[in-house]
Every structure is written in structure tokens, then in C-alpha cells.
Amino acid sequence: MLSLLQKTGRAGFKILQRPMSRVFSPGHSPLDQLGSLSIFFCWIVLVSGIWLLIFFHTSVSGAFESLEYLTHQQWYLGGIMRSLHRYASDALIVTVLLHIAKEFSFDRYRQSRWFSWVTGMPLIWMIFPLGITGYWLVWDELAHYTAITSAELMDAIPIFTGSMAANFLSDSVLSDRFFTLMAFLHLIGLPIFLVFGIWLHLFRISRPVISPPRTLMSGTLLAMLVLALVFPAESQDKANLSQATQSINLDWFYLHTYPLVRAWSPGWVWTMLVGITGLIVMAPWLPPGRKQEPAIVDLENCNGCRRCADDCPYGAIDMRPRSDGKSYTEEAVVVADLCVSCGICVGACPTASPFRTRSDLVPGIDLPALSAATLREKIKSASYKDDHTSRILTFCCEGNRVGKQLQSAGEAVIYVACMGQIPPSYLDYALSRGYADGIVLTACADGGCRFRFGADWTAQRVMRTRDPHLRKRIDNRKIAMIWRDKNIAPQQMSRHLQKLRASVDSVVRHGDAE
Amino acid sequence: MRILGQMVFYALFVVVVGVFSAWPVLRVLGNDEAIVSVSFSLAGERIGTCRKFTQEELNELAPNMRRPADCPRERHPVRVEISANKKILYSATLPPSGLWSDGESIAYQRIVIAAGEYDLSMNLDNTGSDSTFRYSQSAHVTIAPGRNFVIRFDQLSKRFVFE
């Protein structure tokens, strides 16, 4: 069931991703930046909220009028700020839900990622009340409906005595203190917990991306401004507690469950919400679990260079004082609970060299599921079809469907856990020792990678901008990095291989020194 | 061309945000309907009267636990029944709140009814009786469409009041 959901989700994201990757630069597509876009929307909400707070009156009689003043008299600034506040809050829900759906679909919530997954859930439980209390403060008909329905929901929790909903049945019962309480929750209480929650959510992530690219930020902000000008957020009629709400323009992003409170009952709505939350929180431990062996350190070969610790996207490698008496100051230690077995540390390890002949190929850090020695053997034993002029060896990360297509077409394909697992010396080895004439590296483009940074690190090594570099004797034209060329769709791989073969043939004909 | 494509994407995004921010309109109540809200809190009578301890019973109690009488904390539930034009609109037996069942009984109910004239009959009992009501009251009311007609029970006057 979970696998089917994930498969459907992946297919959906790929459909969305295709047109986006045509118009946005690699990595700059909104679907690659869902988390950071959510934080960006929080900033818009914060800044616009501060402006609204300056003019807002926290009283039964003043709340509605103060917002009317902002919307109509001060439309050029206060009105725009109000609209930005509202629409950025709505957009936040869109990006947060897509963020959850994407991480789930691409299976990025298990193993060491459970922490970020689970700590994301309280954020949802803070964002929704933040939006809902915001609607209360407007004190229009929507606020009236929201207040009564929220109070009915609260009344269903058996720990409260008295009826909260009874406070919203007549104007004589309602006091200004209610607005003080709501203002406290909306402006101070919940935002403080939200900031702490975001910090906790990112706590275990190495190099978290918290700001989207500037082009995406400016585009998004401009779009929000246009929306605010064309369709400004306005209050509905002022709340009148002696009148029942007949019809309202509901904000479906925040209040979609509210109609269910009347249609079912508050108890059933709580059951549904708690059930969904429970399922999401438990998801990392639900089958099919796939815990692979974590990376292992071989102290004999570890010189404490720190490259693995620097490159690990999950902070799963600690550098600790040397414990074996060798003259190096530090040694790498794998924190098994944090390791996702991506092998990116192996790709960063300078001792993972296939050229080693005097001793067994055991690098300072290795991945048991596909060791450095096994990878070398796979390169040596790769078989090619005879009907091609040049032999192209493809390295493909697990789960990438390009690899399967190439394999079924008879191409030589080696699977790795992540593109970042391949040390550049292996590409050098395959080409310089004559095991291949050209190399294709295929990783999932545009944030589709199960792991983080692996493809980026490998690309930088091949381009010789990240240590360890690919040696200069290797002509880059013999290596194609498919994910970097956004115009190549998986269906066009055979055409692209032909192009690469022609390029490789040309390099071979004119000599490597060109 | 890429800029144009990005503009199309941003436009689609803000259209989705703008539209679902206030649409579709939720119809909560029909044009000729109104709400009757029953809301009050009232404590039921204690389930029993205080009973004086006998000397023997007092002797059996620890010195610091000795008190002149045993007074039960628990209260009776409150039974309420409201009829409109002889049809039951709301009928409930409201248990006392609190871990020891010694708090007030809370009534809160919103009922959708057709707007119009009604003969209301309101009965309430907090003595634990199954067959009779301690407080009974009738009224003829007109409920306008869209009205939130609130029925409370005033603890001081011991009467149902409308708002």
C-alpha cells in the first residue's frame, strides 16, 4: 500500500517536474525548494504581520474596524500587507503539504531521516492553529464561524470543563480579554514554538537550505504582490453573534476540516486528525523497511583527513581524537543511527583508489553493501556489446530508471547507492586502464535524488572544483553527467549515447592530449 | 521564453492560492433556516444529604480524619427537554463534570430549525428524578431566518431565558 502511494506520488512529481525543469534552472525549480520556500513564506507572513500589528486593535469593537481601515483607507500599504499576510500563509500550506508528499514519495523519511520527518509533524500542528487564530482576530462572519467551530472542537476534548463554545453565542458574553488571548497565541505563543520547531526540524540536517535562490524568491514575492493588488484580501461582514452564519467564503487551505465538524461530529474529526497524525509519525517504521548496513571505518587506512565528515549530508561522521596511536590527530567515526548508507563518504575518501595493487583495496571508509573492492571488480568485468565503436560504461544510482532502460538495451550498467559514492579515481581507472572508452553518470535530477548532494559533489569532482579531483589526464568529454543536462529526457538516452560515442570516438581519434 | 514559462508557473500558483483562499463558498444554513442554541451550566443536587457519624464510626477513623458528618460530593445529572410545537427539539441527560462527578452539568447544543413561530416547552430537572421535572416553562416565540436563538437557564432566577 505504502509502495503504491509512493509510486503514484513519484509519478505525479515527475509530471510536475518535467515542465518546470524546462523553465527553471537546475535546482531552482520550486519543487526542489519546497522546504526553503516554506520558510520564505514564513518571512513574508512575519514582516507583513508586524505591519498589521502596528494598526491592529485587540478588542471586540476595534479589531474589525482597524482591519477595515488597513484594507480600505491604507490599501496601498496596509491592504497589500494584509493580502500578503493571508496569501503567504495559504501558500505556506501548499508548499508544506507538497514538501511532505515529496519526501514521502521519494522515500526520504526512513532510517536516520525519521527525526526530521517526525519533528515536522508538530510544525503542522502549529501552522494550522496559527492560521486559524489569525482568522479569529479579523472578527468578521468567517471569524464567528471559525470561533464557534474551533470552540466546539475544543469542547470535545474531555479534559476541559465548561463549554468554550458558549462564549460565542451572544455579544454580552464576549469580552476584550478573548482578543488579548488570541493575540497572544497568534503573535507570540505559537510563533515562538514554531521557530523552535523549525530549528529542531533542521537540527540533524547538514547544510540545510533555508533560503530559496534569489530568482525564485523575487519571482514568488512579485507573484504574491500581483495577487494582493488584483484580488485584495477583505473581511466579510462584521461578526454578529445574534445572527447565525449562513454562507461564508471559507479559506480551504486552513479550514478544510471545519465543515466536517458539523457533518460528522467534533469527536470524529479529532479521531481522523489524530489517526492521520499517528500514521504519518509512525510511517518511518512501517514496512517495507530497508535498513542497510552503515558505512564502516578502517583505521588502518583512515588518515583523519575529514573529507568524509565534510561531505556527509547527514552529519553521520564524527571526527574524534585518534585512538590507535598513529600520528594522525583525528579518526572518522560513523554514527550508525544517522548513517543512511549512501556511500557519499566513500566517494570523498582519497584512500578509495582502485589503482592500489600492493595491498587489498580497503579504503579508510567503505560501504559494506557495495565495497570499493567490489566496485572495482564490477568495472573490470563490465561486458559490452560488440556492435558499438566505443564502449560506454554507465554508473547509475539505485532507483534511477535510466539505468534499467540502458541495461535492457544491452549497455553496461553499474549500480551504486548514490552517484556521490563513486570516487573520481574510479572514473580515471575505468578509462585509463581501458575498461571503458566513455562513461555515463546518471543521477536523479532536480531534487529527485534519494540522498542529498551526492550528484553535486560528483559533478564538482569531475569538473575538478571539489576535492578529491578527477585527474587532469582524463578528458572530460569522455564523461557525460546526464542529470546536469536538463534537456535530456530518459526517453532520449539512446540518442544521447550516440552523441557521446561520437564525442568519445573523436577524442580517441585526435588523441587525449587535445 | 524561459521567463515566459516561469511567469505562467507563478500565475498558476497564485491563481490556485487566490481561488481556494475564499472559494468555493460554504453554505452553512439555508435561507429559511435558523439556529437554536441551548447553552447553560447548572449543578445538579447532591446525590444524598449529610449523615452524622456515630461515635463508633468516629472511633474507627484516624484522629486527623475525624469529621462530624459524611457528605457525598457527587451530584445528580441534569435532565433537560426542550420541545418546539410539541416536537422534541433537544433532550439530554447531562452528567456532572469533574473527576468526582461533583461539578456543574454543561449543556451546549446547536440545532438547525426552520424559521417561523414556535410554541416552546422547556423542562429541566436536577434532582435525579426520572419522571418529573423540577422546572417547567412555556413560551411562544418567533424565530427569524438566519437568527441565532439562544436558550439559557438562568441560575439565579431559575428560569429559561432567551437571547
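The model is predicted, so local features need pLDDT of at least 70 and side-chain atom pairs count only at pLDDT 80 or more, while totals for chains, interfaces and linings use all residues. Residues are numbered from 1 along each chain as written, chains are lettered from A and ligands numbered from 1 in the order written, and side-chain values use heavy atoms, leaving out hydrogens and water.

## Surface patches

A patch here is built from residues with over 30% relative accessible area and no salt bridge, with like charges joined within 9 Å and nonpolar side chains (Val, Leu, Ile, Met, Phe, Trp, Tyr) within 5 Å. The areas come from the Shrake-Rupley method with a 1.4 Å probe, and for residues only the protein chains shown count as cover. For charge, Lys and Arg are positive and Asp and Glu negative, with His and the chain ends not counted; the charge sits at NZ of Lys, CZ of Arg, CG of Asp or CD of Glu.

A:K14, A:R18, A:R22 and A:R401 make up a positively charged surface patch. Helix α1 of chain A (residues 2-23) gives the largest share of this positive patch, three residues. For reference, buried means under 20% relative accessible area, exposed over 50%, and partly exposed in between (1.4 Å probe, protein chains only).

There is also a nonpolar patch of about 850 Å², formed by A:W75, A:Y76, A:L77, A:L222, A:V226, A:L229, A:V230 and A:F231. Helices α4 and α8 (214-230) of chain A are the elements that give two or more residues to the nonpolar patch, and α8(A) has the largest share with four residues. A:Y76 sits in helix α4 of chain A and is exposed, at a relative accessible area of 51%.

Helix α4 (residues 75-105) of chain A also holds A:S105, which is buried at 4% relative accessible area. A polar atom of the A:S105 side chain lies 2.7 Å from the backbone oxygen of A:A101.

## Salt bridges

Side chains of opposite charge can pair when their charged atoms come close. The rule used is a side-chain nitrogen of Lys or Arg within 4 Å of a carboxyl oxygen of Asp or Glu, and by this rule the count is 23 salt bridges over all chains. Three of them are listed here.

| Salt bridge | N to O distance |
|---|---|
| A:D107 with A:R110 | 3.1 Å |
| A:E152 with A:R262 | 3.5 Å |
| A:D475 with A:R477 | 2.9 Å |

How do these pairs sit relative to the surface? A:D107 and A:R110 are both buried. In the bridge between A:E152 and A:R262, the partners come from distant parts of the chain, A:E152 in helix α6 (residues 141-155) and A:R262 in helix α10 (residues 258-263) of chain A, 110 residues apart. A:E152 is buried, with a relative accessible area of 11%, whereas A:R262 is partly exposed at 31%. In the bridge of A:D475 with A:R477, A:D475 is buried at 12% relative accessible area and A:R477 is partly exposed at 33%. Salt bridges that share partners also join A:E152, A:R262 and B:R110 into one network.

Most residues other than glycine have a negative phi, and most peptide bonds are trans. Which peptide bond in chain A is cis, with omega near -5°? That is the bond from A:D467 to A:P468, and A:P468 is in the loop between α17 (454-462) and β9 (479-481) of chain A. A:R207, not a glycine, has a phi of about 50°; A:R207 is in the loop between α7 (176-202) and α8 of chain A and is partly exposed at 35% relative accessible area. A:F453, also a residue other than glycine, has a positive phi near 75°. A:F453 lies in the loop between β8 (438-442) and α17 of chain A and counts as buried at 18% relative accessibility.

Note on methods
Polar contact = N/O pair within 3.5 Å; in protein donor to acceptor, adjacent residues only side chain to side chain.
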